[in-house]
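Trainee: Please pick one part of this structure and take me through it closely. Then set that part against the rest of the chain.

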Amino acid sequence: MCGIVGYIGKRDSQGILLGGLKKLEYRGYDSAGVAIHTKTGLELRKSKGRISELETRLEAQPLSGFAGIGHTRWATHGKPSDANSHPHTDNEMNISVVHNGIIENHLQLKAELEQLGYRFVSETDTEVISHLIAHHYKGDLPEAVRKAVSHLRGAYAIAVLSAHEPDKLIAVRWASPLIIGVGEGENFIGSDIPAILEHTRSVYILNDGEMAVLTRDNVELMTLEGNFIAKQLLRIEWDFVMAEKGGYDTFMLKEIHEQPRAYRDTMRGRLLEGTGISFPGTSLSARQIRGVKHIHIVACGTAYHAALIGKQVIERLTRIPVEVDLASEYRYRMPVIGANTLVIAVSQSGETADTLAAMREAKLAGARVLAITNVIGSSVAREADDILFTHAGPEIAVASTKAYSSQLIAFYMLGLFMARSLNTIDRAALTEMIAMLERLPYQVERLLEDKESIRRIAERISGREHLFFIGRGLDYSLAMEASLKLKEISYIHSEAYAAGELKHGSLALIEEGTPVIALATQELLLEKTASNIKEVKARGAYVIALTLEGNEELEKTADQVIYVPRTYSLFTPSVAVVPLQLLAYYAASIRGHDVDKPRNLAKSVTVE
Ligand code: F6R
């Protein structure tokens with residue numbers, strides 16, 4: 001996600017802020033900016049694009065001052081542009097704010113502030129914060145910040161610098177990480193350890209609902225109610241490379257662990273008080289949905305596997321027929337596209353050449369295109385008629401994990417939104433499903449607590465050269481993703497098979513000890529999959545079953561059983577994928593591969 005750095009002390013802040021921002025560059029961003037308190041007050045330099053562009057701007061017009069805040073932005077509201085880059089200010093240029101996270105109620109706050117006469121210059125959700133602080137400022141900056149954040153709903157880590165009290169920096173955390181670095185006669189704010197590691201290893205980690213008031217020589221920690229708190233100063237022993245990965249060995253493992261947060265961010269502001277789904281900021285309306293007679297989904301690779309699940313979700317919830325195509329095939333197969341065909345393009349990067357070409361083909365034929373993408377301002381986002389952003393944050397590892405599972409969350413919400421628009425689901429069922437969606441991040445957190453058992457299973461398969469994944473229905477689509485994940489990073493050859501199809505040929509490949517990973521998470525298909533497990537077992541397969549908690553029956557046939565928590569059947573892939581990602585991850589690391597950069601692959605495939 002975005003990066004924050006803040007400095008107050010005895011040194012000139014420009015170089016320190018730029019240095020900190022550069023250390024956050026690896027996380028991905030689309031623009032950068034700084035605000036520094038100079039002799040003339042608050043001054044800003046912001047730039048769309050690389051930090052080097054901001055640096056060029058600062059070389060031409062340097063800023064000198066002992067307190068400042070900086071930001072690398074990964075757009076969530078409003079395209080990447082100079083105006084949308086942080087820091088944001090109030091109209092009088094007295095307050096500057098950098099923010100990570102999403103303010104769910106920003107549209108409502110913006111309307112209220114506009115009524116009061118505040119003028120907005122960006123499309124961001126963040127700008128409401130600077131105006132709110134200005135509105136509440138009555139001579140006490142910490143008090144104004146406290147009052148301002150009491151109006152915010154959503155996730156925020158913010159750093160505030162004000163011309164009113166330039167000897168202070170304020171930091172607040174709610175559901176988005178923030179740390180305070182403590183130095184000698186200088187203090188720091190960082191969204192991540194790498195931002196400040198060059199200067200100090202002593203840090204306070206803020207918890208949700210905590211605020212820090214930094215001066216050059218002091219850090220005061222308090223709750224949002226204004227009560228002072230004492231906290232242990234921690235010493236960071238990580239080296240820089242470890243710090244970049246948040247203490248994990250690889251970006252992939254870090255991103256697997258980021259899934260609960262990615263799920264929350266993708267759902268944020270879209271689930272309405274347990275009674276509905278809305279997509280603020282997108283033009284997709286219930287009326288349009290009612291006009292849709294066919295849906296085509298186009299995507300590549302992992303995004304295609306998410307689309308296969310999306311098809312089943314939409315068809316089951318709405319009964320609208322859905323076709324899924326590999327984008328590279330779609331454009332050449334002369335698809336039948338009509339004015340009432342909705343084409344959904346799914347792409348993490350939003351730059352995949354085949355997906356772009358497929359959606360262009362669809363648009364030419366008169367279809368409306370809805371994009372599900374993770375990158376605001378990407379080509380897919382720019383060319384689509386409607387966009388549903390996943391908010392998984394930048395994905396650095398080549399193998400997609402959190403982007404895939406956030407695409408599933410997007411499909412669940414889209415399916416429910418469509419079902420409600422078409423009246424194919426009643427309010428009570430919707431409320432129940434929304435409650436189950438909200439539980440998913442907690443269920444994934446619980447799964448991530450037991451990685452050791454998956455690592456042991458990975459040891460068992462890591463020496464093999466071939467294996468099978470089998471499953472039925474949603475499990476078959478999930479098996480395809482699990483198989484791709486294993487192949488791309490461990491280089492073990494694997495095939496995903498519809499469990500009922502194996503006996504039509506490929507069963508011939510099963511021999512003594514062949515690992516078969518059987519996904520059996522769909523209650524209605526459990527008995528059928530159990531018979532398929534017996535089929536392979538009888539041919540000597542070593543069976544690892546993945547099923548729902550409580551289905552202990554499978555222990556009688558399978559050699560190992562992985563359990564995942566229960567949720568609504570359509571939502572199960574978003575929990576079941578986690579042990580499968582871990583299995584691929586551990587198999588690859590045991591084989592000694594560079595998990596983040598598998599051979600022959602690129603993160604974004606911009607050629608046909
Ligand atoms: C595999 C993987 C790729 C991508 C595919 C499409 O882990 O990441 O298969 O899913 O190249 O990329 P996007 O989603 O950026 O269009």
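Mentor: Contact here means heavy atoms within 4.5 Å. Helices (H or I, at least four residues) and strands (E, at least two) are DSSP runs, numbered from the N terminus. The model is predicted: local features need pLDDT of at least 70, side-chain atom pairs count only at pLDDT 80 or more, and totals for chains, interfaces and linings use all residues. Residues are numbered from 1 along each chain as its sequence is written, and side-chain values use heavy atoms, with hydrogens and water left out.

Take helix α1, residues 13-23. Its buried residues are Ser13, Gln14, Ile16, Leu17, Leu18, Gly20 and Leu21. Buried means under 20% relative accessible area, exposed means over 50%, and partly exposed lies in between (1.4 Å probe, protein chains only). An α-helix has 3.6 residues a turn, so residues three or four places apart point the same way.

What do those buried residues pack against? They meet the strands β1 (3-8), β2 (31-38), β4 (67-73) and β10 (187-190), and the helix α2 (51-60).

Now the helix partner. Two packed helices are described by the angle between their axes and the distance between the axes. For α1 and α2, the angle is about 170 degrees and the axes are 11 Å apart. Axes are lines fitted to C-alpha atoms, for helices over the stretch in contact, and angles run from 0 to 180 degrees between N-to-C directions. The two helices are therefore roughly antiparallel. On the α1 side, Gln14, Leu18, Leu21 and Lys22 make the contact; on the α2 side, Ile51, Leu54, Glu55 and Leu58 do. By class, that is 5 nonpolar, 1 polar and 2 charged residues. Nonpolar covers Ala, Val, Leu, Ile, Met, Phe, Trp, Tyr, Cys and Pro; charged covers Asp, Glu, Lys and Arg; the others, Gly among them, are polar.

Next, another helix pair. The axes of α3 (residues 106-115) and α4 (residues 127-136) come within 10 Å and cross at roughly 45 degrees. So α3 and α4 are oblique to each other. Here α3 gives His106, Leu109, Lys110 and Leu113, while α4 gives Val128, His131 and Leu132. The classes are 4 nonpolar, 2 polar and 1 charged.

Stay with His131 in α4. His131 is buried, at a relative accessible area of 0%. Beyond its neighbours within four places in sequence, His131 contacts Thr89, Asp90, Asn91, Leu113, Tyr118, Arg119 and Phe120.

Now the backbone. Most residues other than glycine have a negative phi, and most peptide bonds are trans. The bond between His86 and Pro87 is cis, with omega about 0 degrees. Pro87 sits in the loop between β4 and β5 (88-89). Met334 has a positive phi, near 50 degrees. Its loop runs between α11 (327-330) and β19 (341-347), and Met334 is exposed at 73% relative accessibility.

Last, the whole chain. It has 19 helices and 26 strands. Buried residues make up 61% of the 608 residues. Of contacts between residues at least 6 apart in sequence, 71% join residues at least 24 apart. The C-alpha atoms fill a box of roughly 80 × 55 × 45 Å along the principal axes.

Conventions. Parallel < 35°, antiparallel > 145°, perpendicular 65-115°, else oblique.
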